[in-house]
Amino acid sequence: MSEQEELNQPTPEPGLFDDYLSQQQYTEATMGQRFVNYLVDNLLMRFALSYLTGTIVGALLGILFPEYMSRIIYEQTSFDLLLMAFAVGVVNYLFYYTICEKVFRGYTLGKLVSGTRAIREDGGELTFKDAILRTLSRMVPFEPLSGFSPRPWHDSWTKTIVIKAR
């Protein structure tokens with residue numbers, strides 16, 4: 001084939017070809033695997049991580065701001081306590097998912113248990129930006145309900161997927 005004929009050959013549309021390759025290389029996680037991820041990760045965050053960070057925050061506040069802590073304890077100001085618990089929960093959530101998915105190359109404890117991993121749609125590893133955007137997307141109200149659809153919001157909004165890793 002001459003050079004001119006090669007130039008006239010139609011080239012496949014890049015998006016479709018890339019989609020075809022990514023579907024051939026990776027198998028997306030099942031809804032059951034994703035539920036295991038959610039369950040394990042949330043149990044770990046809500047109990048172990050929240051207990052640990054709540055204890056540390058309480059001790060630090062007791063040392064640095066004893067008047068504030070005594071007011072919370074003795075006056076039963078539930079709003080302050082709820083606000084503090086909410087802040088600890090948000091920080092835990094941001095820390096756990098962002099750090100795990102970036103540092104451990106798309107894995108969290110839940111994903112290790114279920115044999116899945118988060119990656120970008122193009123097959124690359126998650127960047128820090130991808131990991132934090134996935135985490136922030138998970139914090140949208142009712143986002144966990146999107147897990148009943150084929151593509152949860154935190155995947156579709158950030159152009160990431162969860163695949164079977166083994």
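I'll start with helix α5, where the buried residues are D80, M84, V88, N92, Y93, Y96, Y97, T98, C100 and E101. Buried here means under 20% relative accessible area, exposed means over 50%, and partly exposed is in between, with a 1.4 Å probe and protein chains only. Helices (H or I, at least four residues) and strands (E, at least two) are DSSP runs, numbered from the N terminus.

Before going on, the source. This is a predicted model, with residues numbered from 1 along each chain as its sequence is written. Local features need pLDDT of at least 70, side-chain atom pairs count only at pLDDT 80 or more, totals for chains, interfaces and linings use all residues, and side-chain values use heavy atoms, with hydrogens and water left out.

Back to α5. The helix has 26 residues and reaches 36 Å from its first C-alpha to its last, close to the 38 Å expected at 1.5 Å a residue; the expected span is 1.5 Å times one less than the number of residues. What do the buried residues of α5 pack against? They pack against α3, α4 (66-75), α6 (109-114), β1 (116-120) and α7, where contact means heavy atoms within 4.5 Å. As background, an α-helix has 3.6 residues a turn, so residues three or four places apart point the same way. After α5 comes R105, with a positive phi near 55°.

For the chain as a whole, there are eight helices and two strands, and the pattern along the sequence is α-α-α-α-α-α-β-α-α-β. The chain has 166 residues, of which 31% count as buried. Of the contacts with a separation of 6 or more, 64% are between residues 24 or more positions apart.

Next, the largest pocket. Its volume is about 400 Å³. On a 1 Å grid over the protein atoms alone, a pocket is an open set of points where a 1.4 Å probe fits, with protein on both sides within 12 Å along at least five of seven lines; lining residues have an atom within 4 Å of a point. Grid points are joined across faces, edges and corners, and the volume is the space filled by probe spheres set on the points.

The lining of the largest pocket has 19 residues, and R34, F35, Y38, P144 and G147 lie nearest the centre. Which elements give two or more residues to that lining? They are α3 (31-64), α5 (78-103) and α7 (128-138), and α3 gives the largest share, six residues. By class, the lining has nine nonpolar, four polar and six charged residues. For those classes, Ala, Val, Leu, Ile, Met, Phe, Trp, Tyr, Cys and Pro count as nonpolar, Asp, Glu, Lys and Arg as charged, and the others, Gly among them, as polar.

Helix α3 also holds S50, which is partly exposed at 24% relative accessible area. S50 touches M45 and N92, leaving aside residues up to four places away in sequence. With N92 we are back at a buried residue of α5: the C-alpha atoms of S50 and N92 are separated by 6.9 Å, although the two are 42 residues apart along the chain. The side chain of S50 reaches the backbone oxygen of M45 at 2.8 Å.

Two more side chains have polar contacts. A polar contact is a pair of N or O atoms within 3.5 Å; within protein, one must be able to donate a hydrogen and the other to accept it, and residues adjacent in sequence count only if both atoms are side-chain atoms. S114, in α6, is buried at 12% relative accessible area, and a polar contact of 2.9 Å joins its side chain to that of T116. Residues up to four places away aside, S114 touches Q33, V36, N37 and R166.

T158 sits in the loop between α8 (153-156) and β2 (160-164). Is T158 buried or exposed? T158 counts as buried because its relative accessibility is 11%.

Last, backbone angles. Most residues other than glycine have a negative phi. F142, in the loop between α7 and α8, has a positive phi of about 70° and is exposed at 63%. K159, in the loop between α8 and β2, has a positive phi of about 55° and is exposed at 54%.
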